[in-house]
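Let's take a walk through this model, stopping at a few side chains and at the places where parts of the chain meet.

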Amino acid sequence: MSKAEERRLGSGLNSISMNRQEIMESKETTEDKETRREQQDNMKNNLMEQTKIPQVRAIVERQDPSSKVAEVDDLTIRRFLRARDLDIGKASSMLLRYLKWRREFVPNGSVSLLETPNEVAQNKMFLRGSDKKGRPITVILGARHVQSKGGLEEFKRFVVYGFDRICSRMPPGQEKFVVIGDLEGWGYANSDIHGYLAALSILQEYYPERLAKVLLVHAPYIFMAVWKIVYPFIDKNTRKKVKYVHSSCIPLTKN
């Protein structure tokens, strides 16, 4: 075979290889691409996070010796670091606020259902298996939520109970959960701006990097009036995770 023929054969093989790659990439769904990017980002940030964990521990322990930061696992500290773009000072401040809040708001370590009787009676939150990535799913029926006689404090305890419960269901290697908010039948009687903002604040301040996505289904037009009030209080990272979807598009679940 002449050198010219060899060059033509090599060029043809490269072209076939590139075409195969293009075909494979074209078959890759948007969600697959997001997963691949997330895995690549996690690998890149892993080493950097590991080196910063001892520094965060030292700062928190120095500023609040009673914080019991030694009982906080490395994965939790890494989530606080990610939430503050790996800024040690900001992550330490956020972790300090979390530990203080936890001591004061959940002094017994967990919230009992006996502390949220009015919220539990509404039967509005359920755990429903996991998505294909193994992330636990919680379903919230918005039309069943009304401001109860227990007031905002009881509602906040119920929110913490819910978050703690779903986090306790995390399989090994998983840190995030999915929320499906079913708004079928939702009306102004279910509107609770103070409650929505309280739940949002708890999620963003005390459960950083736990939310994978929120899928809102059956959203009525009138819900948008409330959404416009709540939206400015959602941080930019959380906003990207909230999507309005058709009920046929919700993720497949296991169990």
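Gln50 counts as partly exposed, because its relative accessibility is 35%, in between the under 20% of a buried residue and the over 50% of an exposed one. Keep in mind that this is a predicted model. You'll find Gln50 in helix α2, which covers residues 30-63. Now look across to Ile77: Gln50 and Ile77 are 27 residues apart in sequence, and their C-alpha atoms sit 9.6 Å apart in space.

Side chains of opposite charge can pair when their charged atoms come close. The structure holds 13 salt bridges, and one of them joins the side chains of Asp74 and Arg57 at 2.7 Å, N to O. Here Asp74 belongs to helix α3 (residues 74-83) and Arg57 to helix α2, so this pair links distant parts of the chain, 17 residues apart. With a relative accessible area of 35%, Asp74 is partly exposed.

Glu175 is in the loop between α6 and β3 (177-182), while Arg79 is in helix α3, and the two are 96 residues apart. Are they buried or exposed? Both Glu175 and Arg79 are buried.

Another salt bridge is worth a stop. The side chains of Arg102 and Asp164 meet at 2.6 Å, N to O. Arg102 lies in helix α4 (residues 88-105) and Asp164 in helix α6, so this contact ties together parts that are 62 residues apart in sequence. Arg102 is buried, because its relative accessible area of 17% falls under the 20% cut-off.

Helix α6 (residues 151-168) packs against helix α7 (residues 193-206) at an angle of about 40°, and their axes are 10 Å apart. That angle makes α6 oblique to α7. As for handedness, α6 passes α7 in a right-handed crossing.

Ile222 is found in the loop between β4 (211-217) and α8 (223-230), and it counts as partly exposed because its relative accessibility is 31%.

How values were computed: Residues are numbered from 1 along each chain as its sequence is written. This is a predicted model: local features need pLDDT of at least 70, side-chain atom pairs count only at pLDDT 80 or more; totals for chains, interfaces and linings use all residues. Side-chain values use heavy atoms; hydrogens and water are left out. Helices (H or I, at least four residues) and strands (E, at least two) are DSSP runs, numbered from the N terminus. Buried means under 20% relative accessible area, exposed over 50%, partly exposed in between (1.4 Å probe, protein chains only). Axes are lines fitted to C-alpha atoms, for helices over the stretch in contact, and angles run from 0 to 180 degrees between N-to-C directions. Angles under 35 degrees count as roughly parallel, over 145 as roughly antiparallel, 65 to 115 as roughly perpendicular and the rest as oblique. A crossing is left-handed if the near helix is turned anticlockwise from the far one by less than a right angle, and right-handed if clockwise. A salt bridge is a side-chain nitrogen of Lys or Arg within 4 Å of a carboxyl oxygen of Asp or Glu.
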